[in-house]
Amino acid sequence: MIHILRRIPLFSELDEHEIEAVAALVSTRNVPRKSIVVQEGDIGYSLFIIVKGAVKISSYTAEGKEVVLSLLTAGGVFGEMALLDRQPRSATVTTTEDSTLAQIRRPDFERLLQNQPSIALGLLEELVSRLRRTTQVLERISTMDVPHRLYNYILDLCLKHGVEDDAGTLSEVRMPTHQLIADQLSTSRETISRAISTLKKEGIIIPVQGRSLVRIDMPALETLAEAMQ
């Protein structure tokens with residue numbers, strides 16, 4: 001578990017003794033795809049770390065429509081807000097693939113924050129980063145048309161998770177399903193599928209392996225995004 005924790009930004013600044021103390025508090029479990037890990041409105045008792053796999057963080061409108069606020073992959077942390085303010089869970093978290101999750105319970109988590117100030121600072125940075133992403137999503141939904149939202153979404157995805165080639169022009173990245181993208185951009189899967197199909201025809205999205213791994217022509221996509229501003 002120690003070598004896994006070292007790869008997680010929240011714990012990356014801890015020394016050997018500190019990270020061993022964290023590892024002693026962690027329990028792990030395997031969770032199948034499409035399982036609800038955290039339910040909006042429930043009382044929170046644990047913080048979760050994604051060791052392997054991915055989850056989506058969602059909320060629901062009064063009409064029951066799902067709004068996907070964020071997607072998290074290995075190294076992501078969720079469930080911390082309810083532990084900090086002791087309020088009910090603010091969103092529902094569902095696995096989007098078979099996942100391994102590490103769990104730290106509230107009493108242990110609170111002692112960690114008291115004893116390891118660097119964890120508190122790292123957690124604050126993560127919360128601010130997530131708030132910025134949510135603000136960007138809401139701003140784009142309210143001010144941009146669907147193609148513009150999609151172009152910026154893909155650019156953000158490449159910057160965060162992509163691997164650039166030596167020339168820095170192509171970024172290889174794993175794309176979420178069209179439905180997950182649509183849920184985040186507040187549109188339909190069919191609209192996203194048509195837009196992505198157009199980008200493939202124009203050579204901006206280049207399939208590599210199946211439907212998930214692709215190469216993105218970053219300069220071409222940036223030009224397209226800027227032309228629509």
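The side chains of Glu66 and Lys56 form a salt bridge, with N and O 3.1 Å apart; the term denotes a side-chain nitrogen of Lys or Arg within 4 Å of a carboxyl oxygen of Asp or Glu. Because Glu66 belongs to strand 5 (residues 66-73) and Lys56 to strand 4 (residues 54-60), the pair ties together parts 10 residues apart in sequence. Strands are DSSP runs (E, at least two residues), numbered from the N terminus. Glu66 is buried at 17% relative accessible area, and Lys56 is buried at 15%; buried means under 20%, exposed over 50% and partly exposed in between (1.4 Å probe, protein chains only).

The model is predicted: local features need pLDDT of at least 70, side-chain atom pairs count only at pLDDT 80 or more, and totals for chains, interfaces and linings use all residues. Residues are numbered from 1 along each chain as its sequence is written, and side-chain values use heavy atoms, with hydrogens and water left out.

The count of salt bridges is five. Among them, Arg174 pairs with Glu97, the closest N and O atoms lying 3.2 Å apart. Arg174 sits in strand 10 (residues 170-174) and Glu97 in the loop between strand 7 (92-95) and strand 8 (99-105), 77 residues apart. Arg174 is exposed at 52%, whereas Glu97 is partly exposed at 21%.

There is one aromatic pair. Ring centres of Phe, Tyr and Trp (its six-membered ring) must lie within 6.5 Å; planes under 30 degrees apart count as stacked, over 60 as edge-to-face and the rest as tilted. Phe48 and Phe78 are stacked because their centres are 5.2 Å apart and their planes at 15 degrees. Both Phe48 and Phe78 are buried.

Terms used
Helices (H or I, at least four residues) and strands (E, at least two) are DSSP runs, numbered from the N terminus.
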